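Keep the viewer open as you read.

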Amino acid sequence: MAALASRLGLASLPGLRDVAGPSKLLAVTAVNTKAPSNSIYSKTSGMLETRVKPWPYKTIGYNYWYSLIDGTTKRFNDNSKIIVVEGPPALEKTKLAKELADELDMVYVSGANMEEFYINSYGYDLRELDGLFKHERNVSFDEKKFAQDPSCQDGGLDRMQASLMFMRYKKYFCALEHLFNTGQGIVMEKSPYSEHIFSEACYKMGWLDRSSRIYFNKIRKQTLPSLLRPNLIIYLDAPVDVVQSKIRERAKTTHPWEKNSPVYENTEYMKMVYEELPKKYIKEASASSRLLMYDWSEGGDTEVVVEDIERLNMDYFDKYDKQQMDWRMHVEDNYTKCRLRYTQKKEMKRNFIVDYWDADKILMTPEESMEFQFQAHKVPGNRYLAGYNEDMGDKSVLLRPEANYAIANDVNYYLDVNMIDKEAWHDYMRLREMKKARGDEKWWQF
């Protein structure tokens with residue numbers, strides 16, 4: 001497979017088996033033959049099977065009673081898999097991921113970023129309220145501030161990494177939810193399994209607090225076991241000097257905040273986060289996930305990648321082989337259990353609660369929490385799920401039975417209406433309605 005990169009010398013990894021090799025059978029044949037399928041097919045191949053009509057999990061959910069009448073694996077086809085695209089910035093990972101998703105009839109899931117964290121479904125940005133916060137730790141911190149000065153705000157980087165960790169976990173959890181309810185595969189950028197590389201590098205550079213590192217490691221131990229590792233990892237690689245050159249180029253147009261960045265111009269950091277630490281991650285990940293690595297210094301051809309994917313043997317080789325083990329469930333009941341877990345989401349937020357209270361850079365004080373809750377609730381559209389906020393012009397929920405599932409909001413930061421001073425809030429809302437009726441441009445930002 002000529003397109004595979006050999007620069008890192010990882011050709012002997014378990015996940016990089018000969019794509020043309022013969023398939024081997026398990027000692028015990030699985031009842032279901034779709035999930036452990038040995039191939040992924042493109043639309044062009046003409047071999048892609050049609051899926052059964054998806055289950056409407058977004059409106060009615062999925063529970064035990066539904067599981068008695070609706071099976072899970074009947075919707076699976078050869079492409080019911082998770083593909084993760086990894087690699088340094090500025091290598092057009094997004095472009096490749098979107099093109100792969102289109103050609104493989106999968107869903108594209110973007111990587112976690114703070115833009116998505118702060119901006120809600122209605123387009124309103126929490127960062128516009130930064131001037132109202134009295135506590136510095138409530139002020140926003142994003143990739144732009146990180147690129148300009150990773151230590152410019154007390155605990156800013158620690159809290160940003162905590163937010164990105166939760167978002168990446170949530171995206172992966174929801175990706176599994178979609179796959180088990182529709183049978184449609186996923187192509188996504190980065191995963192919870194690789195995010196530790198960034199925090200480790202920042203810790204070694206002295207930008208991340210030690211207590212935050214302990215906190216993150218405890219969360220990983222609780223969250224990762226509840227997930228299924230990706231079927232395939234595609235790693236786009238390039239030498240550090242090439243990555244830095246591409247970052248400088250995009251700083252002239254789409255990413256001006258990266259110009260002369262003390263982060264991306266720091267070769268020690270760049271080598272650590274995109275050369276040294278990824279080697280260890282790739283070696284470990286290749287034991288359970290298929291791996292394709294490419295030198296993407298000058299870009300690449302999506303068609304070639306698709307051809308390489310189609311030649312991969314995605315099947316397991318032995319009953320006890322670690323490769324694709326997470327997806328080897330054998331019987332329908334086990335697939336249904338996973339579907340219930342990912343659809344009901346009981347573990348998603350619960351797994352982020354750890355018995356560690358020394359992460360002072362991340363955990364808020366009561367005063368900070370109350371201030372944040374009051375200000376964050378001001379953002380229009382934050383009360384309920386997107387589509388169920390009547391004050392934002394959404395249709396009435398009176399005759400919509402599925403509105404029972406819309407009680408909680410869908411923003412990525414935690415909101416609790418019980419922490420708000422009710423009297424102060426009623427005064428704010430009265431003035432807010434007056435400003436909105438008067439046509440003030442910033443009718444909610446006060």
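Where is Arg 127 found? Arg 127 sits in the loop between helix 4 and helix 5, with helices being DSSP runs of H or I of at least four residues, strands runs of E of at least two, and both numbered from the N terminus. A quick word on ground rules: this is a predicted model, where local features need pLDDT of at least 70, side-chain atom pairs count only at pLDDT 80 or more, and totals for chains, interfaces and linings use all residues. Residues are numbered from 1 along each chain as its sequence is written, and side-chain values use heavy atoms, with hydrogens and water left out.

Is Arg 127 buried or exposed? Arg 127 counts as buried because its relative accessibility is 16%; buried means under 20% relative accessible area, exposed over 50%, and partly exposed in between, with a 1.4 Å probe and protein chains only. Leaving aside residues up to four places away in sequence, Arg 127 touches Glu 115, Tyr 118, Ile 119, Ser 140 and Asp 142, a contact being heavy atoms within 4.5 Å.

Now step back to the whole chain. Its secondary structure comes to 15 helices and 5 strands, and buried residues make up 52% of its 446 residues. Among contacts between residues at least 6 apart in sequence, 79% join residues at least 24 apart. The accessible surface is about 21400 Å², with 52% of that belonging to carbon and sulfur atoms; these areas come from the Shrake-Rupley method with a 1.4 Å probe, and for residues only the protein chains shown count as cover.

Next, find strand 1, residues 82-86. Strand 1 is largely enclosed by the rest of the structure, because 5 of its 5 residues are buried. In a regular strand the side chains alternate between the two faces of the sheet. Here Ile 82, Val 84 and Glu 86 point one way, while Ile 83 and Val 85 point the other. Strand 1 runs parallel to strand 3 (residues 186-189), joined by 4 bridges, and Ile 82 has Ile 186 as its bridge partner there. Strand 1 also pairs in the parallel sense with strand 4 (residues 232-237), again over 4 bridges, with Val 84 partnered by Ile 233. Pairing requires that DSSP finds at least two bridges between two strands.

(On a 1 Å grid over the protein atoms alone, a pocket is an open set of points with protein on both sides within 12 Å along at least five of seven lines, a cavity is a set where a 1.4 Å probe fits but cannot get out, and lining residues have an atom within 4 Å of a point. Points are joined across faces, edges and corners, and a volume is the space filled by probe spheres set on them.) Helix 10 gives the most to this pocket's lining, with 5 residues.

Finally, the structure holds 2 cavities of 30 Å³ or more, and the largest cavity has a volume of about 40 Å³. Residues lining the largest cavity include Met 165, Tyr 169 and Phe 352, and helix 8 supplies the largest share, 3 residues.
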